[in-house]
Amino acid sequence: MLTREKTEQILRTADLMYSFETIEATMQRLADEITDKLSTQCPLVLCVMKGSIVFAGHLLPKLTFPLNFDYVQVSRYHNKISGGEIDWLMFPQDELKDQVVLVIDDILDEGITLAEIRKKVLDCGARSFYSAVLIDKDTGKVKSFQADFVGLTLPDRYVFGFGMDIHGAWRNLPAIYALPSEPGK
Ligand SMILES: O=P(O)(O)OC[C@H]1O[C@H](OP(=O)(O)OP(=O)(O)O)[C@H](O)[C@@H]1O
Ligand code: HPA
């Protein structure tokens with residue numbers, strides 16, 4: 001875990017990428033798009049913990065149609081800033097058969113996490129799979145996964161805030177920040 005001093009220093013040297021106001025407006029647009037597509041289908045909405053807790057908390061009250069809710073918990077970054085193997089910590093496999101599933105995640109980076117979740121959800125018998133992400137990171141590479149609903153895009157920098165962590169910290173920030181860009185990027 002980071003010290004308090006180091007945690008505060010990270011924020012002081014970071015760049016603000018999206019304010020709370022921008023994120024809130026984006027949330028309403030996403031909710032409208034999701035409503036257009038899924039409002040008659042009583043979807044099972046799965047939020048991907050931990051990162052999407054803040055996104056889910058703001059988006060769900062804007063989805064004013066019948067739905068069911070549960071969560072998946074996976075970790076691929078393990079509080080680091082580059083990804084590795086996926087650890088499956090919670091997966092509600094018994095609930096998925098014949099469901100229209102909407103998975104909501106904070107960030108689509110390399111796309112590995114959501115590609116694996118989609119495979120598992122469909123293997124468990126879901127009728128269809130949709131995904132909504134708050135951030136789609138422009139990695140400059142072809143991804144194995146595209147989201148159906150995308151909030152905002154960001155350049156290929158490590159970002160945190162609004163649910164996303166930096167070494168486990170700052171998920172609680174109401175805006176999105178990026179670590180200083182590396183020279184040459
Ligand atoms: O597109 P990818 O490169 O696979 O990365 C995206 C995933 O990484 C983060 O989760 P993380 O493993 O950090 O766990 P967390 O949600 O607990 O922070 C984020 O919340 C996404 O689920
Ligand atoms: O840039 C990121 N920030 C936080 N979590 C992440 N998971 C994948 N990429 C990121």
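Trace the sequence and the pattern reads α-β-α-β-α-β-β-β-α-β-β-β-β. The radius of gyration is 16 Å, close to the 16 Å that the globule rule gives for 185 residues, so the chain is as compact as a globular protein of that length. (That radius is taken over C-alpha atoms, and the rule is 2.2 Å times the number of residues to the power 0.38.)

Keep in mind that this is a predicted model: local features need pLDDT of at least 70, side-chain atom pairs count only at pLDDT 80 or more, and totals for chains, interfaces and linings use all residues. Residues are numbered from 1 along each chain as its sequence is written, while chains are lettered from A and ligands numbered from 1 in the order in which they are written.

Of the 185 residues, 32% count as buried, that is, with 20 or more other C-beta atoms within 10 Å of their own, C-beta atoms being placed from the backbone.

Next, select residues 15–18, 159–160 and 176–178. They belong to an open sheet of three strands, ordered 1-9-8 with antiparallel pairing. Strand 1 (15–18) and strand 8 (159–160) are the edges, each with a single partner strand, so one side of each has no neighbour in the sheet. Strand 1 and strand 9 pair over three bridges (DSSP must find at least two for a pair). Click L16 and look across: Y177 in strand 9 stands opposite.

Now go to ligand 1. It is surrounded by 17 residues, the closest being G51, Y77, D109, E110 and T113; a residue counts as near if its C-beta atom, placed from the backbone, lies within 6 Å. Colour strand 5 (100–108) and helix 4 (112–123), which each supply at least two residues of this shell. Strand 5 gives the largest share, four residues. By class, the shell has five nonpolar, five polar and seven charged residues, with Ala, Val, Leu, Ile, Met, Phe, Trp, Tyr, Cys and Pro as nonpolar, Asp, Glu, Lys and Arg as charged, and the others, Gly among them, as polar.

Last stop, ligand 2: select G51, Y77, I107, D109, Y158, V159, F160, M164 and D165 around it. This shell has six nonpolar, one polar and two charged residues.

Note on methods
A residue is buried if 20 or more other C-beta atoms lie within 10 Å of its own, exposed if 12 or fewer, and partly exposed in between; C-beta atoms are placed from the backbone.
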